[in-house]
Amino acid sequence: MDKKLTRELFSRHPENPILSVDDWPYPANSVFNAAAAIVDGRTLLLVRVEDFRGISHLTVACSDDGVHGWDTDPEPTLRPDAEHHPEEIWGIEDPRITLLDEMQKWAVTYTSFSEGGPLVSLATTTDFRHYERLGPVMPPEDKDAALFPVRFDGRWAMLHRPVAKSPYISADIWLSFSPDLKHWGDHQEVIGARRGGWWDANKIGLSAPPVKTKEGWLVLYHGVRTTASGSIYRLGLAMLDLDDPTHVVHRGEEWIFGPKAHYEREGDVDDVVFPCGWICAGDEVRMYYGAADSCIALATASLSELVDFVRASPEERRRTW
Ligand code: BMA
């Protein structure tokens with residue numbers, strides 16, 4: 001095996017890619033960047049589907065084992081609704097799902113592609129069939145958002161990724177709070193993009209929603225490296241304090257997964273692995289990721305190995321890189 005692969009903490013499923021347009025019940029350009037959850041004992045993916053206009057919508061696909069036999073909705077499940085939500089004019093993308101324990105509702109955060117740029121929208125659902133839109137919750141440019149499943153001191157919390165343009169372009173992960181899911185404030189940066197030659201310099205974003213572990217909230221994020229032949233999207237880990245998620249306790253230095261397989265290296269956008277969902281079953285983590293903006297793949301890891309890796313990393317020292 002290529003020595004470089006041995007550093008990766010996730011193993012690719014041998015049947016990858018597990019979903020592509022060839023499996024889709026209606027014509028589409030690509031299916032990728034899916035949110036994931038266990039619903040009624042089945043794996044549910046809320047899949048980003050790009051049509052032949054270039055506009056994305058979301059469609060549900062369910063499977064008993066999370067690998068085979070996908071029951072896919074025969075038509076789009078959640079379409080952009082530009083009439084009532086003008087911010088959705090150029091499509092809805094990259095969903096993340098969080099079960100809000102106390103409400104027994106699922107929160108779905110997604111990117112609305114508005115005329116002013118991408119922004120964060122939020123909807124809730126109990127059945128993934130009917131959705132209640134709360135509308136835009138962050139103005140452009142902002143994306144890659146997911147809620148925590150619990151409140152902190154009575155307030156909901158959301159990680160998201162605004163883009164700052166001064167003094168240089170910097171895309172960092174921020175945290176915001178809300179009493180009611182609708183009004184958000186107390187915004188603060190929690191995980192900054194590194195600088196210079198790092199794999200996660202200048203542009204990072206949340207990948208799958210944070211996972212609660214005994215040691216802290218495990219955060220999976222992507223870092224974007226700009227090279228002469230384009231960008232490379234890779235994945236890394238950080239850990240936030242259990243009671244105070246504004247505090248980064250650990251942050252891995254090395255990436256833990258990056259484009260290597262042919263379906264990750266070549267597609268509509270080359271060299272991209274982009275997870276929007278992961279499922280923890282005991283110690284197994286099943287990460288569903290968009291590969292090269294063209295298909296959906298699965299990779300698995302041991303939760304305790306991920307936690308050990310990030311805990312072995314130095315405590316976060318902000319801006320020391
Ligand atoms: C990001 C998002 C993702 C996409 C990735 C690579 O900015 O738009 O939807 O997968 O770029 O193209």
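## Serine 114

Serine 114 counts as buried because its relative accessibility is 6%, under the 20% limit for that class. This value, like the others in this report, comes from a predicted model.

Serine 114 belongs to strand β7, which spans residues 105-114. Leaving aside residues up to four places away in sequence, serine 114 is in contact with Glu87, Ile89, Trp90, Leu119 and Pro140.

## Residues around the ligand

The shell around the ligand consists of Asn33, Arg48, Asp94, Lys143, Tyr233, Val269, Val272, Phe274 and Asp293. Sorted by class, this shell holds 4 nonpolar, 1 polar and 4 charged residues.

Which side chains place an N or O atom within 3.5 Å of an oxygen atom of the ligand? Among them is aspartate 94, with a side-chain N or O atom 2.5 Å from a ligand oxygen. Aspartate 293 also takes part, through a polar side-chain atom 2.6 Å from an oxygen atom of the ligand. For tyrosine 233, the distance between a side-chain N or O atom and an oxygen atom of the ligand is 3.1 Å.

On its own, the ligand has 310 Å² of accessible area, of which the protein covers 85%.

Note on methods: Residues numbered from 1 in each chain as written. Predicted model: local features only at pLDDT ≥ 70, side-chain atom pairs only at ≥ 80, totals over all residues. Heavy atoms only, no water. Helix = DSSP H or I, 4+ residues; strand = E, 2+ residues; numbered from the N terminus. Buried < 20%, exposed > 50% of the residue type's maximum accessible area, 1.4 Å probe, protein only. Contact = heavy atoms within 4.5 Å. Near = heavy atom within 4 Å. Polar contact = N/O pair within 3.5 Å; in protein donor to acceptor, adjacent residues only side chain to side chain. Areas by Shrake-Rupley, 256 points an atom, 1.4 Å probe, with all protein chains shown as cover. Nonpolar A, V, L, I, M, F, W, Y, C, P; charged D, E, K, R; others polar.
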